[in-house]
Amino acid sequence: MQNQNQEILAIIILGALLALLLIGFIVAMLFIYQKKQHQHKKDLVVMEEEYDQQILRVQFEIQEAVLAEISHKLHDALKNNIISIASSISAISMKLEKKLISNEEVTKKLKSLSADLMIVKEEIRLTSHSLSADRISQVGLIDAIKFEIKKIIKDHSIIINSNINETANYFFKQEESVYLFRIFQESIGNILAHAHATEINILINLENQNIFLLKISDNGIGFNFSEKTKNKLAGIGLSGMQKRALQIGANFKLNSQPNIGTIIQIELPLTLSSKNNLKDEHEPKAKYSFN
Amino acid sequence: MNISFYKYYSILLIVTSIIGLFNSKKIQINIQINFISYFLIYLFLIEFIGDKLSQKSIPNVWLYNYSSIVEFAFYSWIIIRILPLKKSKNKLKKIVLIYCLIALINIIFFQGKTGFHSITFALGSILIITLCIYYFYQLLLFPNEEKLITQPNFWICTALLFSFTCSFPIFCLNNFYAHKISQNIWPIISSISNIINIIFCLLLIVAFVCRIKIKKFLPSLS
């Protein structure tokens, strides 16, 4: 009888010890986990704030870059043309005052000035189009890029080989197409300004029917990526492109080798909504179908 | 007096399994709860067959030897499945596979010929304990928004960690110091082992019901 009582007592004691051990473990885990959760939340808030600040900084940098571009275009192209037109008008008026010019010659000169003014107007239109986000979403990404390519060929002595899959035009939301276009502009701008390249290759394609691929490569002087990212000022354009890609969920790849050239590749997985966009908005135009 | 915790454990296995199956259909929770529920039925069947063999004085060690390998493989697989990070999952799966092979070799060619595979059983317990600790480590490293007490995975791992941590010394005692222990102690050890199994089932029940939201029915004011 005493043995049995001892057995029961031993079981109760050991059982209680096990239960205490278990409860202690669970309580400790709950406590530590809650502490970690609070810490994690704080970290997330800090990260979000840092991210917002970065976005603001990038937006500011982009704004500055756009203003610089406008200023550059106004100065280089428009100002010179307008000065030339103004001086021509003043020369014509002087000649008219002194009656050194015939009516026929005046008509001829005015026609030439009118043509010059048309060039200025066209320049303003092109600049306006390339800067307007609405325009990009109106015409579509591919057409905007094609337009930009034409403009570059016209303005710069550089060979551009483009291989563009037209069907990729219909898959994007406004934000996506604007951001992709800005990345394209930024990379082309970098090539023209720094790469000393003679040839640019542009590839736009749909990979596996669900990844939009934009690949821009050049045969320029290239650069050392790690050195470029160390230099914060020099890396602003690159980080801007990276962040824009990140914001739309695209994969940004950059491969640059000194004296060989640079390859920039953006891969954007097409979401279900993008596919729905195709069905809803562009069904009649679509040349592309999903199975 | 011989307290029959074993009977309660067997009943609890079936009850836990039913609760698991019922709740996995009622509310959308992790798929592993379904697997565990079916596995508990398997455990019940093993216990039932083992008991019947024992009653007929037929050796049942071989049954427990092989079923314990399945048990270790299943629990390891469940823990690997619920690990928050995908990193190192494949390596862990390979380690579990290697363990299963070693345990099988031990059962077929060495210890299993004469009795219980105590060495590979101890190794298996250590494997499960390590995996559970690794799960808790990852959980603390990357906490999510959800409360811990409403996470079935936490309770499943707690159940496994508790069960294998507590039963590990008992099995060591059973297999390595059996000859030194007085015969009076064996019923206590057996009862403790069954208590651990009962607590294991209770923790699994908590895992199955922790996501259920209790609706408060308030009288309409209109």
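Helices (H or I, at least four residues) and strands (E, at least two) are DSSP runs, numbered from the N terminus. Keep that handy as you click around.

This is a predicted model, in which local features need pLDDT of at least 70 and side-chain atom pairs count only at pLDDT 80 or more, while totals for chains, interfaces and linings use all residues. Residues are numbered from 1 along each chain as its sequence is written, chains are lettered from A and ligands numbered from 1 in the order in which they are written, and side-chain values use heavy atoms, with hydrogens and water left out.

**Stop 1: the two chains**

Colour by chain and start with A. Chain A has 8 helices and 5 strands, laid out from the N terminus as α-α-α-α-β-α-β-β-α-α-β-β-α. Chain B has 8 helices and 0 strands, so its pattern along the sequence is α-α-α-α-α-α-α-α, going by the DSSP runs.

Now colour by burial, where buried means under 20% relative accessible area, exposed over 50%, and partly exposed in between (1.4 Å probe, protein chains only). In chain A, 33% of the 291 residues count as buried. In chain B, buried residues make up 48% of 222.

**Stop 2: the sheet in chain A**

Select the strands of chain A. They form an open sheet of 5 strands in the order E1-E2-E3-E5-E4, with mixed pairing. Two strands pair if DSSP finds at least two bridges between them. At the edges sit strand E1 (159-164) and strand E4 (251-257), each pairing on one side only. Neighbouring strands here are turned by 10 degrees against each other on average, direction ignored; the axes behind that angle are lines fitted to C-alpha atoms (for helices over the stretch in contact), and angles run from 0 to 180 degrees between N-to-C directions.

Zoom in on E2(A), strand 199-207. On one side, E1(A) runs parallel to E2(A), joined by 6 bridges. Pick A:Ser162 and you'll find A:Ile202 as its bridge partner in E2(A). Strand E3 (residues 211-218) pairs with E2(A) in the antiparallel sense over 8 bridges. There, A:Glu207 stands opposite A:Ile211.

Which residues make up the covered face of E2(A)? Show side chains: A:Ile200, A:Ile202, A:Ile204 and A:Leu206 are on the covered face, and A:Glu199, A:Asn201, A:Leu203, A:Asn205 and A:Glu207 are on the uncovered one.

**Stop 3: positive phi values**

Most residues other than glycine have a negative phi. A few selections here go the other way.

Stay with the hairpin of E2(A) and E3(A), which has 3 residues between the strands: A:Asn208 takes a positive phi near 55 degrees. Then step back to the loop between helix H5 (174-195) and strand E2 (199-207) of chain A, and select A:His196. Its phi is near 50 degrees, also positive. Is A:His196 buried or exposed? With 63% relative accessibility, A:His196 counts as exposed.

For one in chain B, go to B:Ser88, in the loop between helix H3 (61-82) and helix H4 (89-109). B:Ser88 has a positive phi of about 70 degrees without being a glycine, and at 25% relative accessibility it counts as partly exposed.

**Stop 4: a nonpolar patch on chain B**

Switch to a surface view and select B:Trp62, B:Tyr66, B:Leu101, B:Leu104, B:Ile105, B:Ile108, B:Phe109 and B:Phe110: together they make a nonpolar surface patch of about 810 Å². H3 and H4 of chain B each supply at least two of its residues. Which helix gives the most? That's H4(B), with 5 residues. Click on B:Ile105, which lies in helix H4 and counts as partly exposed at 41% relative accessibility.

**Stop 5: cysteines**

B:Cys157 is buried, with a relative accessible area of 0%. Select B:Cys201 to finish: it counts as buried too, at 0% relative accessibility.

Technical notes:
Patches are made of residues with over 30% relative accessible area and no salt bridge: like charges are joined within 9 Å, nonpolar side chains (Val, Leu, Ile, Met, Phe, Trp, Tyr) within 5 Å. Accessible areas come from the Shrake-Rupley method with a 1.4 Å probe; for residues, only the protein chains shown count as cover. A salt bridge is a side-chain nitrogen of Lys or Arg within 4 Å of a carboxyl oxygen of Asp or Glu.
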